[in-house]
Amino acid sequence: MKKLVVIGSGIAGLVAAVEASRTHEVVLVTKSVLAESNTHYAQGGIAAVTSSDDTIGEHVADTLAAGADYCYEPAVRVLCEDGPARINDLVNFGVEFDRNPAGDDWALGLEAAHSHARILHAGGDTTGADISNALVRAVRQVAADIHEHTFVSDLVLGSAGQVIGVELIDASGKHVVECDAVILASGGAGQLYRHTTNPAVTTGDGVAAAFRAGAELADVEFYQFHPTALAVPGSFLISEAVRGEGAVLLNRRGERFMAAQHPLAELAPRDIVARGIQAEMLAQGGQPVLLDASALGGEFLTRRFPSITAATRSYGLDWGRNPIPVTPAAHYWMGGVATDIWGRTSVPGLYAVGEVACTGAHGANRLASNSLLESIVFSHRAVSVLDEPWPTETSRVRFAEQGILAEIEIEDPSARTSAQGATAVVDRVELQTLMWDNVGLARTSDLLEATRRELSRWRPAAEENRLFTDWEDANLLVLATAVTEAAIARTESRGGHYRLDYPTTNPTMAKPITIVRKAR
């Protein structure tokens with residue numbers, strides 16, 4: 001029986017572990033506990049066509065439109081076509097999606113840029129936690145070799161450049177687990193930014209490890225900022241579904257402002273709403289805008305959004321009566337390790353699924369609630385081809401079809417030393433502040449070049465003295481450098497990448513930018 005290492009315990013990793021355990025020996029590795037992941041905190045739900053009023057074609061069209069004319073259509077079609085079957089898988093795992101009042105069908109929510117109500121949710125606004133809990137139960141029944149509180153420092157390659165193992169760090173020290181294949185499902189990198197809806201574990205470790213192993217990265221300049229995080233420490237997410245139910249955005253004068261920005265107003269694609277909020281905040285001295293859900297009533301909000309209601313109350317807010325302050329925050333990375341539509345990367349034996357991967361399905365701006373769907377769809381597909389011969393072309397298929405705007409080689413910042421002119425050890429708060437200020441919602445050439453210079457001064461802590469957080473900081477330095485270089489190269493505005501000095505979209509630039517490690 002072949003041995004598979006799955007890295008990460010969000011929906012993508014848990015599904016991969018459960019499905020692969022039927023035919024493979026599975027080792028599941030996560031740096032916290034099994035239930036700690038972006039999945040656990042997902043509120044809005046999971047998008048899929050489950051109603052006779054909706055069609056796969058419309059879901060495809062909505063995804064393509066939100067993606068800013070940049071999605072890789074074959075990946076979008078796989079995402080939407082496989083979605084209904086994967087929803088049934090979740091039901092079979094024990095996920096109890098909310099039902100309508102009659103109890104005869106699922107209660108479907110509407111979110112921004114969707115043409116139909118197609119968002120399944122559970123527990124009102126605890127969809128991610130309900131899915132995570134069901135999958136954790138399933139994986140504990142089938143995967144005996146589970147490593148919690150274990151950090152993956154690197155991938156181990158064979159003489160032909162294929163993955164043959166993973167290097168782990170745990171309480172006992174550093175050791176290697178040999179394997180026949182690895183599925184990366186380690187999530188995104190929200191901790192690149194000072195304000196993020198992501199939990200503390202999202203430091204992009206899988207993307208950085210894949211980069212060091214020689215895997216191609218793609219679309220890393222496209223980072224999605226969720227429009228509505230509660231403007232308090234921790235940036236608690238206020239789900240898109242709240243606006244889908246009818247909540248509106250107000251400036252400090254009590255005026256709605258999104259209708260002047262887009263015909264869909266508060267339900268425009270996320271990048272447009274986030275920039276609309278940013279512009280309004282700048283016009284009012286940096287003060288947050290207000291989300292007004294009071295017309296929905298406290299009783300409805302408590303029933304439909306119990307966890308958000310509890311969070312607002314914990315800060316002394318009564319959103320059933322009064323508007324609440326919100327601000328954008330880093331939320332989701334459209335870029336990552338480049339894959340084909342089966343999760344295969346450019347490194348033989350290495351698969352990537354979920355937010356760590358870049359299939360091209362989200363384009364430059366992810367459609368709301370497609371993230372959980374992408375995770376389960378592509379995890380299932382990756383497992384289905386584990387025993388097939390590795391093809392000669394994987395992620396390159398997409399690039400051959402779309403073309404490439406730029407191929408950028410960068411030195412590995414996590415290997416940088418003081419002898420190379422790096423004068424300071426990277427400080428996470430300084431890095432997050434730099435990225436938020438210069439490589440966030442709005443970018444310019446001057447800001448990006450200043451960021452490039454500052455990042456080049458930093459090096460990771462010496463390996464012999466590193467704690468888990470130091471390993472994470474080394475990875476964040478890699479990813480901050482990659483995002484900055486790609487953002488410099490894309491001289492247009494598209495989706496999650498907005499340049500004040502190039503404010504329009506250039507149709508000739510609808511091509512990927514790839515990042516690879518410069519050969520040593």
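Colleague: Is Phe-468 buried, exposed or partly exposed?

Modeller: Phe-468 counts as partly exposed, at 28% relative accessibility. Keep in mind that this is a predicted model.

Colleague: Which aromatic pairs does the structure hold, and how many?

Modeller: There are eleven aromatic pairs in the structure. Among them is Tyr-70 with Phe-222, a tilted pair. Their centres are 5.3 Å apart, with 50° between the planes.

Colleague: Where do Tyr-70 and Phe-222 lie?

Modeller: Tyr-70 is in the loop between α3 and α4, and Phe-222 is in the loop between β11 (217–218) and β12 (223–230), so the pair ties together parts 152 residues apart in sequence. Tyr-70 and Phe-222 are both buried.

Colleague: And the rings of Phe-151 and Phe-468, why is that pair tilted?

Modeller: The planes of Phe-151 and Phe-468 sit at 45°, so the pair counts as tilted. The ring centres are 5.4 Å apart. Phe-151 belongs to strand β7 and Phe-468 to helix α15 (residues 468–489), so this pair links distant parts of the chain, 317 residues apart. Phe-151 is buried, at 0% relative accessibility, whereas Phe-468 is partly exposed.

Colleague: Which residues do ring pairs link into a cluster?

Modeller: Tyr-193, Tyr-223, Phe-225, Trp-333 and Trp-436.

Colleague: Switching to helices. Which residues of α10 are buried?

Modeller: α10 covers residues 306–314, and its buried residues are Ile-308, Thr-309, Ala-311 and Thr-312. Viewed down the axis of α10, they fall within an arc of 165°, so they line one face of the helix.

Colleague: Why would residues three or four places apart point the same way?

Modeller: Because an α-helix has 3.6 residues a turn.

Colleague: What covers the buried residues of α10?

Modeller: The cover includes α7 (240–244), α9 (298–304) and β15 (324–333). On the face turned away from the buried side, α10 carries the exposed residues Arg-313 and Ser-314. After α10 comes Gly-316, with a positive phi near 75°.

Colleague: Which residues other than glycine have a positive phi?

Modeller: They include Ala-68, with phi near 65°, and His-149, with phi near 50°. Most residues other than glycine have a negative phi.

Colleague: Where is Ala-68 placed?

Modeller: Ala-68 is in the loop between α3 (56–66) and α4 (73–92). At 21% relative accessibility, Ala-68 is partly exposed.

Colleague: Where is His-149, then?

Modeller: His-149 is in the loop between β6 (145–147) and β7 (151–157). His-149 is partly exposed too, at 48% relative accessibility.

Colleague: Overall picture now. How many helices and strands does the protein have?

Modeller: The protein has 15 helices and 22 strands. Of its 520 residues, 61% are buried.

Colleague: What radius of gyration does the protein have?

Modeller: 22 Å. A compact globule of 520 residues would be near 24 Å, so the value agrees. The C-alpha atoms fill a box of roughly 65 × 55 × 45 Å along the principal axes.

Notes: Residues are numbered from 1 along each chain as its sequence is written. This is a predicted model: local features need pLDDT of at least 70, side-chain atom pairs count only at pLDDT 80 or more; totals for chains, interfaces and linings use all residues. Side-chain values use heavy atoms; hydrogens and water are left out. Helices (H or I, at least four residues) and strands (E, at least two) are DSSP runs, numbered from the N terminus. Buried means under 20% relative accessible area, exposed over 50%, partly exposed in between (1.4 Å probe, protein chains only). The arc is that of the directions from the helix axis to the C-beta atoms. Contact means heavy atoms within 4.5 Å. The radius of gyration is taken over C-alpha atoms; the globule rule is 2.2 Å times the number of residues to the power 0.38. Rings of Phe, Tyr and Trp (its six-membered ring) pair if their centres lie within 6.5 Å; planes under 30 degrees apart count as stacked, over 60 as edge-to-face and the rest as tilted.
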